[in-house]
Amino acid sequence: MSPYMVIALCVAGFVLGFFLHKLLVMKELGGARSESERILAEARREVETMKKEALVEGRDQISRERADALEELQKRRMEQEEKESRLKRMEEDLSRQESIARSRESALSALESEISDKERSLAAKQQKVKKLMEEQNRLLEQQAGLTREEARKVLMSNLEEEAQLEAGRLTRRILEQAERKAEEKANWILATTVQRCSAEHVMESCVSVVNLPDDDMKGRIIGREGRNIRAFENATGVDVIIDDTPEAVVLSCFDPVRREVARQSMEKLIADGRIHPGRIESTVNGATDEMEKKVKKLGNDLCMEVNVSGINSQLVRHLGRLRYRTSYGQNMYQHSLEVAHISGLLASELRLDPVLARRCGVLHDIGKATDHEIEGSHAVVGMELAQRFDESAEVCNAIGAHHEEIEPSSLYAVIVQAADAVSGARPGARRETLEHYIRRLRKLESIADAFEGVGKSYAIQAGRELRIAVKPETVDDAGAADLARMVARRIEKEMEYPGQIKVTVIREIRAAETAR
């Protein structure tokens, strides 16, 4: 082969390779272009999908916000309608009261006019009667042979005796009627008095003061829109009073146990610093459990102190609750301890069972540990409570009879009565100084001694009873009842005292003769 052919073949091969290489490069470029177009198409689709999803989510968000706004608007509209309805009712009530007042005013005017007419008519009749009486008196003086003054003295003497007898009968009849209505009237008076009373010992017995580190804590206790204070009051059943008193809040409740739980819970919340409804509920529950354990421990300690065993656990729990009860300022837990010890000593002196006497004494005021849902006096409630938990008949009777609401059936009931009186009567037991205590007893006796016919008076049972011995030749049986009533009214008018004072008038005639 010639060199020219070789060169031609090489050139031809080079050209062919060049075109083949160019063809391959163009093919690769077409594939890359189609791949890029595919990627761009997928990216466009993803962008469109994301735009649609964002648009749908935005529409949902707008719909939710619109629904919330409509709900809030509807709520405010209902509140506004309710306020308008309340105002409308108040306006109607005021209009009705105004019309009633106008009608009463017109009725009173008519009544005044009628009374004026009757007064003029009565004055005319009185003049006529006066003339007739003068004529009758003149005729009577002629017939009787007595002057007008002498006849008046005789008549007044007879009328006075009849009036005294009639007054005695009328007094007894009124007292009998009053006794029948006494319970209903007393309940009404007590309900009215509790609403109006603001005596110092009531205030001290119904509130607890919690100190705050600073006044900023008051805002945290109240919470946003008052949610914290509402949660606390709902959880504890205690009213929280936040006023201008610096660095202090007041807890108010008649139930001292519930108030003590609230006080401990408030102090824990203030110390912790986290005050919100969830924390409040858990703290109150914890304080309630702690109080329950403390009450049981106090009841067991009291039983151990008086050396009494075998008392039901529920009664022991009620004994522990007495630690937070007071009566006229006297702590019932300490009072029960005193009565138990005094009862045991009295029983020992009388050669009776001192353990049974202490058991009666420590349980005598158990009814005061019950809440307001149980009706009845504390003595009867305590007796029923002891019966429910299988206490003996002597113990139940001593509890129920310690205020003479039922008849005592054993000497133990009488011992508990005496021990209860001794514990409550000692000077200083019930917020009363010795000087005031003696002054009150002397005042009672001086009031009784001021009445005619009183021989001697005695203030007993720490001034809760006044016994009056009268002279039998001066005061009869009807006069004794009148005297008791008048002394009681005088005591009510001139003295201030806790509870009640029983006035007993004793009229005794003794006849004696010597056999020779």
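Guide: Please do. Among contacts in the protein chain between residues at least 6 apart in sequence, 58% join residues at least 24 apart. The model is a predicted one.

Visitor: What does the protein chain contain in helices and strands, and what share of its residues counts as buried?

Guide: The chain has 15 helices and eight strands. Of its 516 residues, 28% count as buried. Its accessible surface comes to about 36000 Å², and carbon and sulfur atoms account for 54% of that surface.

Visitor: Why is Glu260 called buried?

Guide: The relative accessible area of Glu260 is 13%. Buried means under 20%, so Glu260 is buried.

Visitor: What makes Arg263 count as partly exposed?

Guide: Arg263 has a relative accessibility of 22%.

Visitor: How do you know that the side chains of Glu260 and Arg263 meet in a salt bridge?

Guide: The N to O distance between the two side chains is 2.5 Å. A salt bridge requires a side-chain nitrogen of Lys or Arg within 4 Å of a carboxyl oxygen of Asp or Glu, so the pair Glu260 and Arg263 qualifies. Both residues lie in helix α6, three residues apart, which is about one turn of the helix.

Visitor: Against which sheet does helix α6 pack?

Guide: There is an open sheet of three strands in the order β1-β3-β2, with antiparallel pairing. Its edge strands are β1 (207-211) and β2 (239-241). Neighbouring strands of this sheet are turned by 25° against each other on average, direction ignored. Helix α6 (residues 256-272) packs on the sheet and touches β1, β2 and β3; the direction of the helix makes about 10° with that of β1.

Visitor: Why are β1 and β3 said to pair?

Guide: Five bridges join β1 to β3 (residues 248-252), and the two strands run antiparallel. Pairing requires at least two bridges, so β1 and β3 pair. In β3, Val250 is the bridge partner of Val209.

Visitor: What makes β6 an edge strand?

Guide: The strand belongs to an open sheet of three strands with the order β6-β7-β8 and mixed pairing. Both β6 (454-460) and β8 (502-507) pair on one side only, and they are the edge strands. The twist averages 20° from one strand to the next.

Visitor: How do you know that β6 pairs with β7?

Guide: Six bridges join β6 to β7 (residues 465-470), which run antiparallel. At least two bridges are needed, so the two strands pair. The bridge partner of Ile460 in β7 is Glu465. Helix α15 (residues 477-494) packs on this sheet, touching β6, β7 and β8; its direction makes about 155° with that of β8.

Visitor: Is Glu465 buried or exposed, and what is the reason?

Guide: Glu465 has a relative accessible area of 7%. The limit for buried is under 20%, so Glu465 is buried. Glu465 also forms a salt bridge with Arg467, the closest N and O atoms being 2.8 Å apart. Arg467 is partly exposed, at 37%.

Visitor: Why is the contact of Arg279 with Asp272 called a salt bridge?

Guide: Their closest N and O atoms are 3.3 Å apart. The cut-off is within 4 Å, so the pair Arg279 and Asp272 forms a salt bridge. Arg279 is partly exposed at 26%, and Asp272 is partly exposed at 31%.

Visitor: How many salt bridges does the structure hold, and which residues are linked in a network?

Guide: The structure holds 24 salt bridges. Glu35, Arg38 and Glu42 are linked in a network of them.

Visitor: Why is Val355 called partly exposed?

Guide: Val355 has a relative accessible area of 40%. Exposed means over 50% and buried under 20%, so Val355 falls in between and is partly exposed. Val355 is placed in helix α10 (residues 354-363). Leaving aside residues up to four places away in sequence, Val355 touches Asn307 and Val308.

Visitor: Which residues make the nonpolar surface patch?

Guide: The patch, of about 630 Å², is made by Ile7, Val11, Phe14, Val15, Phe18 and Phe19. Ile7 is found in helix α1 (residues 3-144).

Conventions
Residues numbered from 1 in each chain as written. Predicted model: local features only at pLDDT ≥ 70, side-chain atom pairs only at ≥ 80, totals over all residues. Heavy atoms only, no water. Helix = DSSP H or I, 4+ residues; strand = E, 2+ residues; numbered from the N terminus. Axes fitted to C-alpha atoms, helices over the stretch in contact; angles between N-to-C directions. Contact = heavy atoms within 4.5 Å. Buried < 20%, exposed > 50% of the residue type's maximum accessible area, 1.4 Å probe, protein only. Patch = residues over 30% accessible without salt bridge, like charges linked within 9 Å, V, L, I, M, F, W, Y side chains within 5 Å. Areas by Shrake-Rupley, 256 points an atom, 1.4 Å probe, with all protein chains shown as cover.
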